[in-house]
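Hello,

Here is the structure I said I would pass on. Please open it beside this email and follow along; my notes come after it.

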Amino acid sequence: MSKNLAKMSKKILAVLSAGSEEMEFTITVDILRRAGVNVTVGGLEGSDPVTCSRQVVIVPDKALSDVSTESFDGIFLPGGLVGAKNMCESKPLGELLKKLESEGKVIAAICAAPTALLAHSIGLGKSITSYPSTKDQLAGSYKYVDDQVIVQDGQLLTSRGPGTAMVFGLKLAEILVGMEKSQEVAKGMLLNGEYKLN
């Protein structure tokens, strides 16, 4: 890859915590990497292997604390009730989310992870969706949408759960690198025609 192309490559931080929903995490990260996005997996609790909600173990690229000086085009938060609770309680994550929001970067959250957006006062008043059981927590602070599997409001992207992870990942890829590349990835996975991106 030439230096010019490397400079143009989009870069996103995928945050991983103990108890995160591994299907949402893995599918989204996989799709983004297929689309040529540079994904850094940041471990909320450090760089040690993370046990996810269904006991799948994933190794972060580095600790979240080690990425504070890096520049990203966006951030992705997977769901999982325990993982989302950990993200809600993380002051360093809150500071990073506020920084990225102030810079107009993409903020993507799926399933229970939008509760972390609320905990850190990110995107208040915007349209979002989430896992149905978290609706009551979110509806008062956001324009809650429960009849769409993905909701985009400006630079904020949210989705509902494990079964919507494919279309969520493709939409996030579309936002970062364009519709053509996202559709190319979908076609390569034999998903074209089965998943709507809009």
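**The sheet and what packs around it**

Ile 107 in S7 is the bridge partner of Ile 75. Please keep in mind that this is a predicted model.

In what order do the strands of the open sheet lie? The order is S5-S2-S1-S6-S7-S11-S10, seven strands with mixed pairing. S5 (62-63) and S10 (150-153) are the edge strands, each pairing on one side only. S1 and S2 are joined by six bridges and pair in the parallel sense. Within that pair, Lys 11 stands opposite Asn 38 in S2. Helix H4 (residues 91-102) packs on the sheet, where it touches S1, S6 and S7, and its direction makes about 135° with that of S6.

Is S7 buried or exposed? Five of its five residues are buried. Both faces are covered, with Val 106, Ala 108 and Ile 110 on one side and Ile 107 and Ala 109 on the other. As a general point, nonpolar side chains in soluble globular proteins tend to be buried together.

Next, the cores. The largest nonpolar core has 32 residues, and Ile 12, Phe 25, Leu 32, Phe 76 and Leu 172 touch the most other members. Elements giving two or more residues to this core are S1 (11-16), helix H2 (22-34), S2 (38-43), S7 (106-110), H7 and H8. H7 gives the most, with seven residues. Leaving aside neighbours within four places in sequence, Leu 32 is in contact with Ile 12, Val 37, Val 39, Gly 169, Leu 172, Ala 173 and Leu 176. Another core, of 24 residues, lies apart from the largest one and includes Leu 13, Met 87, Ala 113 and Tyr 142.

Last, a helix pair. How do H7 (residues 165-177) and H8 (residues 179-188) cross? Their axes come within 7 Å and cross at roughly 145°, and the crossing is right-handed. On the H7 side the contact is made by Leu 170, Ala 173, Glu 174 and Val 177, and on the H8 side by Met 179, Lys 181, Ser 182, Val 185 and Ala 186. By class, these are six nonpolar, one polar and two charged residues.

Regards

Definitions and conventions: Residues numbered from 1 in each chain as written. Predicted model: local features only at pLDDT ≥ 70, side-chain atom pairs only at ≥ 80, totals over all residues. Heavy atoms only, no water. Axes fitted to C-alpha atoms, helices over the stretch in contact; angles between N-to-C directions. Helix = DSSP H or I, 4+ residues; strand = E, 2+ residues; numbered from the N terminus. Left-handed = near helix turned anticlockwise from the far one by under 90°. Contact = heavy atoms within 4.5 Å. Nonpolar A, V, L, I, M, F, W, Y, C, P; charged D, E, K, R; others polar. Core = buried A, V, L, I, M, F, W, Y, C linked by side-chain atoms within 4.5 Å. Buried < 20%, exposed > 50% of the residue type's maximum accessible area, 1.4 Å probe, protein only. Pairing = 2+ DSSP bridges.
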